[in-house]
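Q: I'm new to this one. Could you walk me through how to read its features?

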Amino acid sequence: MAELKIQVIGEGLGVTLPKEVVEQLHLHAGDSISLERLPHGTYRLANVDDKLSEQMELIEGYMHEEDA
């Protein structure tokens, strides 16, 4: 688990992601990430491109089930 420190950035708040997290999410400057609240009050941080790929896989799997 990575601990993130909240910092003042301009007029808002932000965090700096550790190098390991950036590498695991395959992030680069200008990429977008999503923060999703999960059922038990936890959160999931994901690369938006990875999340879109995951959604497409689910849709394609559903479409193949419909064909069967």
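**Reading the pocket, the fold and a hairpin**

A: Let's start with the pocket: β4 gives the largest share of the lining of the largest pocket, three residues. This is a predicted model, where local features need pLDDT of at least 70 and side-chain atom pairs count only at pLDDT 80 or more, while totals for chains, interfaces and linings use all residues. Residues are numbered from 1 along each chain as its sequence is written, and side-chain values use heavy atoms, leaving out hydrogens and water.

Q: How much space lies in the largest pocket?
A: Rolling a probe the size of a water molecule over the atoms shows where empty space is left. Here, the largest pocket holds about 340 Å³. Of its 13 lining residues, Leu-4, Leu-35, Tyr-43, Arg-44 and Leu-45 are the closest to its centre. (A pocket is an open set of points on a 1 Å grid over the protein atoms alone, where a 1.4 Å probe fits, with protein on both sides within 12 Å along at least five of seven lines; lining residues have an atom within 4 Å of a point.)

Q: Which elements each supply at least two residues of that lining?
A: They are α1 (19–24), β3 (33–37) and β4 (43–47). Helices (H or I, at least four residues) and strands (E, at least two) are DSSP runs, numbered from the N terminus. By class, the lining has 11 nonpolar, one polar and one charged residues.

Q: In what order do the elements of the chain run?
A: From the N terminus on, the order is β-β-α-β-β-α, which gives two helices and four strands.

Q: How do β3 and β4 run, and how many bridges join them?
A: Two strands pair if DSSP finds at least two bridges between them. β3 and β4 run antiparallel, joined by five bridges, and Glu-36 stands opposite Arg-44 in β4. Their hairpin has five residues between the strands, and Gly-41 takes a positive phi near 85° there.

Q: Is Arg-37 buried or exposed?
A: Arg-37, found in strand β3, is exposed (over 50%), with a relative accessible area of 57%. Leaving aside neighbours within four places in sequence, Arg-37 is in contact (heavy atoms within 4.5 Å) with Thr-42 and Tyr-43.

Definitions and conventions
Points joined across faces, edges and corners; volume = space filled by probe spheres on them. Nonpolar A, V, L, I, M, F, W, Y, C, P; charged D, E, K, R; others polar. Buried < 20%, exposed > 50% of the residue type's maximum accessible area, 1.4 Å probe, protein only.
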